[in-house]
Protein chains: 2
Amino acid sequence: MPQGVPAVTPEDGLTTRQRRNRPLVVLHTGEMKGKSTAAFGLALRGWNQGWSIGVFQFVKSAKWKVGEEAAFRALGRLHEQTGEGGPVEWHKMGEGWSWSRKAGTAEDHAAAALEGWREIARRIADERHGVYVLDEFTYPLKWGWVDVAEVVDVLRTRPGHQHVVITGRHAPPDLVDAADLVVEMTKVKHPMDAGQKGQKGIEW
Amino acid sequence: MPQGVPAVTPEDGLTTRQRRNRPLVVLHTGEMKGKSTAAFGLALRGWNQGWSIGVFQFVKSAKWKVGEEAAFRALGRLHEQTGEGGPVEWHKMGEGWSWSRKAGTAEDHAAAALEGWREIARRIADERHGVYVLDEFTYPLKWGWVDVAEVVDVLRTRPGHQHVVITGRHAPPDLVDAADLVVEMTKVKHPMDAGQKGQKGIEW
């Protein structure tokens, strides 16, 4: 997207540079494909800035999005070996969070989601990452496993320069209010309408 | 996006496996951010499949999307060194196509766009890549620099297993018809509305 001219200049006491570099809460929602892929594409830009990338996947199955995970883990190793780009951490709820000794079970998804969020909140307080990707985080919010008001408060008061990208359908209205940039991925046409199912390299 | 059940099973003479793995034309359009980032996120999945990735940027300025370019060039070098993932080629119209001896000039954008498309058509005939990203390719189509009917014909008759992802606003209706998967990125909220301009790590 090319640079544009803002519609209004707000009276917020910030300089143009301060306002320009204000860290963002980005929300990718809507029914269609592209929410997660666009989040990971955005994270590539952050990686190239040398920022620490933290990915947290709130998905049940570890089967999905292996392509992005493999590519980002490769970029993380490259950073360790050559210093190029930024460090990468990739955490998945589905197989038990990697920082936790508890294995993920079918019974405690709500507890696992809350544990994941609390760890993210600690990292935000510590200014651990430059970019957080909270993949499919809208679902634990929708299902009441994680309190929306708590999330909004942590996001609104987060210190330093930390971008947070959240993906998933059915984003709660309070999260939409708290986000700086909200994109809705809308369906125009999908191969499943023509009887085609998901395939490797496209869906994962 | 999780696997789903197709709404209809078409009578096209294909087996489920053939239909499932039919290569796609994917179109990311609409007014909002996320079109290119989602295309590059999708290309990460193809890279992880070991497919050859060919990126062709139909943009005037080489300043944009440097983050994705640096990350994909790093992944391409990693493939050369370790065999992990697939090879990556990245070509830009803005500084003159890398296969061409002609330097890009302000006067011949139409000729440069057509030259880029003709090279892509040759590569498609040769089955050179597994994934083609034609970034911002809708603009030369909209401006009449490249013939939409020719593009649709090349896409419809392409041999082998080649996915093509096209991004940009104002996609011509015939291209929408030819695409298998069309996502429209729709604005819900944008920081420019609140007076914020583009920033590194987010826009590039």
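## Second largest cavity

A:His190, A:Pro191, A:Gln196, A:Lys197, A:Gly198, A:Gln199, A:Ile202, A:Glu203 and B:Leu24 form the lining of the second largest cavity (a cavity is a set of points on a 1 Å grid over the protein atoms alone where a 1.4 Å probe fits but cannot get out; lining residues have an atom within 4 Å of a point). This cavity holds about 40 Å³ of space, a volume being the space filled by probe spheres set on grid points joined across faces, edges and corners. Its lining comprises three nonpolar, four polar and two charged residues (nonpolar: Ala, Val, Leu, Ile, Met, Phe, Trp, Tyr, Cys and Pro; charged: Asp, Glu, Lys and Arg; polar: the others, Gly among them).

## Basis of the model

This is a predicted model, in which local features need pLDDT of at least 70, side-chain atom pairs count only at pLDDT 80 or more, and totals for chains, interfaces and linings use all residues. Residues are numbered from 1 along each chain as its sequence is written, chains are lettered from A in the order in which they are written, and side-chain values use heavy atoms, without hydrogens and water.

## Largest cavity

Two cavities of 30 Å³ or more are counted. The largest has about 50 Å³ of space. Residues of its lining include A:Leu24, A:Leu181, B:His190, B:Met192 and B:Glu203. By class, five residues of this lining are nonpolar, four polar and two charged.

## Helix α2 of chain A

Because 13 of its 14 residues are buried, α2(A) is largely enclosed by the rest of the structure (buried: under 20% relative accessible area, 1.4 Å probe, protein chains only). After α2(A) comes A:Gly50, with a positive phi near 85°.

Definitions and conventions: On a 1 Å grid over the protein atoms alone, a cavity is a set of points where a 1.4 Å probe fits but cannot get out, and a pocket is an open set with protein on both sides within 12 Å along at least five of seven lines; lining residues have an atom within 4 Å of a point. Buried means under 20% relative accessible area, exposed over 50%, partly exposed in between (1.4 Å probe, protein chains only). Helices (H or I, at least four residues) and strands (E, at least two) are DSSP runs, numbered from the N terminus.
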